[in-house]
Amino acid sequence: MRMPLRLRLRTGYNCQMSSIAASCVLHSFRCGMALPGGIGTLPTKWVILTATTGDKKTDNYRFGVVDYIVFLGMIVLSTGTGIYFGCYKKSKKTIEEVEPSLPDSVDKPRKQDFGSAKMSEYLLGSRQLKVFPVAMSLIASYVSGVTILGTTSEIYNYGTQYWFIAIAILLQGVAVAYIYIPVFTVLQVGSSYEYLEMRFHSVIRSIASFMFILDEILFLPFIVYVPAIALNQVSGINLHVISSVIVIVCVFYTFVGGIKAVVHTDAWQTLVMFLSVLAVAILGTFYANGIDKLFDDAAKGERLIFTNINPSPYVRHTVWSVLIGGFSYWTSFNAVNQTMVQRYMSLPSLKQARASMAIFTIGVAAFVSVCCYVGLLIFEKYQDCDPLTAGLITHDDQLLPLYVVQSVGHLSGMAGLFIAGIFGAALSSLSVVLNSTSLVILEDIVRGCFKIQPSERASTILVKGSILVLGVIALSLVLVLEHLSGVLSICTSMTAIAAGTTFGLFTLGMLVPWANNVGTAVGGIVGALLAGWISFGTQFTIAAGQLNSQKLNVSVEQCTTNVTLPEHNWVNEEDVFPLYRLSYHWINPIGVATVIVVGSIVSLLTKPTDVKTLDADLISPVLHRFLPKECFVSRQQQQTNLLNRT
């Protein structure tokens with residue numbers, strides 16, 4: 001009989017079910033515990049332990065000369081790209097010379113982005129960037145070191161059902177490309193939150209903007225801390241030195257080069273990141289006992305799971321929870337989040353925006369699939385001696401680095417390439433956050449909320465000053481993250497609540513023509529409160545030890561040291577409030593659905609918007625065939641004016 005395992009770590013929390021509100025990417029923080037390395041204690045050097053697994057002893061691996069060359073090469077490349085685009089390569093076209101090419105739509109009069117051509121160049125690349133670099137930057141916007149480390153440990157601990165997230169990613173790509181991107185492209189917004197003022201009211205825009213800024217600030221320490229821990233434990237370099245280098249390098253090239261530096265640096269970093277994980281997968285397969293043996297071992301260890309159609313919403317991974325929850329979360333982020341929309345808007349046409357989205361979708365699905373495969377390689381290696389139980393590591397997110405140093409660490413440069421990939425993922429994610437958040441502060445807070453129209457010089461100082469301040473905040477929050485483990489769960493809950501609520505607001509605007517200001521506001525508030533109630537209620541339930549772990553069985557039979565499986569304490573979950581037992585995959589769709597349903601009903605009860613008064617450009621093109629002809633009057637007038645000018 002398979003019994004679930006409960007592990008009590010030094011933080012005093014029981015690591016079991018997700019914090020539920022955490023996003024699909026932030027696996028590593030869903031147990032509300034300290035990150036690897038210890039807090040106020042000596043760092044855990046899990047790559048130099050002398051414990052043994054099987055017949056092979058863990059060697060004392062450290063960075064060599066080749067590793068440092070590979071790693072520093074990525075740092076130099078990132079910094080050099082920022083200098084090149086910030087100091088040498090300037091756009092030859094001003095924003096007035098740019099003619100948008102929007103298929104199936106009539107061009108609106110071009111507004112001056114952010115009040116000046118210089119700021120448009122800095123924040124949007126004058127809307128003239130290329131498809132491939134932007135697609136790579138889109139990947140960098142989502143994939144971080146947390147994704148790499150968290151996905152592999154998810155497969156090791158819970159099986160391959162999570163692999164279905166790749167299908168959800170492909171489905172959301174279609175939805176985003178044909179439902180949401182066309183609206184932003186036709187309206188030529190600089191910030192996605194401009195749409196909320198066009199469709200509803202400036203207050204809703206301001207609230208969503210502040211939620212975005214808070215969301216990104218809470219995400220900053222995660223981006224920095226995870227790769228810093230990884231490098232610290234293979235190089236011995238002080239954690240705070242590493243964190244400082246990450247932030248300083250990233251702030252430098254973002255400050256100097258703007259979005260062009262960010263996008264082109266992201267392209268290089270994404271390639272390094274993908275190559276590092278792919279190299280681990282290829283070499284790991286070579287040193288393993290063959291692909292057939294790999295999948296046979298996974299099946300025997302109950303990790304090969306693809307058809308779990310259990311309808312229970314309490315099971316961590318099922319076909320339904322991964323597909324529906326994954327689709328909802330990925331769409332909520334990629335459709336309306338400013339970090340993504342800014343890149344769509346940096347391209348000159350809808351066709352190119354869709355092309356970049358297609359590359360992004362396929363690239364991320366492939367990348368996540370490779371990470372899932374590496375998770376199986378890790379299980380194949382440690383199926384008879386679980387590293388966590390054996391004391392080789394103190395946290396599941398250390399599985400992949402441990403596997404790298406034990407399997408391919410003897411190859412010169414391999415550890416350096418792997419850490420360069422993790423480090424590059426951190427730099428790219430951080431630069432995206434810095435660039436997008438500074439744009440929102442200028443466009444949505446200063447110009448939108450406070451109705452201030454700063455000069456070009458003042459705008460430049462504000463944006464670049466915001467980047468510097470955000471860098472300082474990132475370093476400061478890393479210190480908080482070290483000393484307050486409980487902040488992890490709170491931050492991940494807040495980010496998930498913000499993502500679901502904001503997506504619900506945009507979906508109401510684009511897909512519910514009768515939605516009005518009151519309905520949208522009430523729907524957003526109710527959705528956020530419900531998601532927060534479930535999220536934080538679950539946090540307290542997990543901390544109280546009232547939920548069982550859903551981790552699959554592990555073995556310590558082949559550990560050469562005296563290792564025994566810890567005792568588990570099985571608890572009866574029937575007394576736990578049902579919403580607190582939900583799989584984390586359901587929290588986002590519940591929040592989104594609540595915003596849409598409540599917003600739609602309240603709008604109908606409080607003088608719904610007269611659809612005939614709406615501008616068709618504010619509604620997704622998938623609904624245009626159902627709109628009255630009055631919605632297209634402004635478009636017809638634009639056509640007439642265009643013909644008169646010609």
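Trainee: Is the crossing of H15 and H16 left-handed or right-handed?
Mentor: The crossing of H15 and H16 is right-handed. A crossing is left-handed if the near helix is turned anticlockwise from the far one by less than a right angle, and right-handed if clockwise. Helices here are DSSP runs (H or I, at least four residues), numbered from the N terminus.

Trainee: Before we go on, what am I looking at?
Mentor: This is a predicted model: local features need pLDDT of at least 70, side-chain atom pairs count only at pLDDT 80 or more, and totals for chains, interfaces and linings use all residues. Residues are numbered from 1 along each chain as its sequence is written, and side-chain values use heavy atoms, with hydrogens and water left out.

Trainee: Back to that pair. At what angle do H15 and H16 pack?
Mentor: About 130 degrees, with axes 9 Å apart. Axes are lines fitted to C-alpha atoms, for helices over the stretch in contact, and angles run from 0 to 180 degrees between N-to-C directions. H15 and H16 are therefore oblique to each other. Angles under 35 degrees count as roughly parallel, over 145 as roughly antiparallel, 65 to 115 as roughly perpendicular and the rest as oblique.

Trainee: Which residues of H15 make the contact?
Mentor: Leu434, Thr437, Ser438, Ile441, Leu442 and Val446. From H16, the residues include Leu462, Ile467 and Gly471. Contact means heavy atoms within 4.5 Å.

Trainee: New pair. How far apart are the axes of H3 and H11?
Mentor: They are 10 Å apart, and the packing angle is about 180 degrees. That makes H3 roughly antiparallel to H11. Val134, Ser137, Leu138 and Ser141 of H3 meet Thr339, Met340, Arg343 and Tyr344 of H11.

Trainee: Now single residues. Where is His317?
Mentor: In the loop between helix H9 (291–300) and helix H10 (319–336).

Trainee: Is His317 buried or exposed?
Mentor: Buried, at a relative accessible area of 5%. Buried means under 20% relative accessible area, exposed over 50%, partly exposed in between (1.4 Å probe, protein chains only). Leaving aside neighbours within four places in sequence, His317 contacts several residues, among them Glu154, Tyr158 and His585.

Trainee: And where is Gly537?
Mentor: In helix H18, residues 517–543. Gly537 counts as buried too, at 9% relative accessibility.

Trainee: What does Gly537 touch?
Mentor: Gly532 and Tyr580, not counting residues up to four places away in sequence. Gly537 and Tyr580 are 43 residues apart in sequence but 6.0 Å apart in space, C-alpha to C-alpha.

How values were computed. Helix = DSSP H or I, 4+ residues; strand = E, 2+ residues; numbered from the N terminus.
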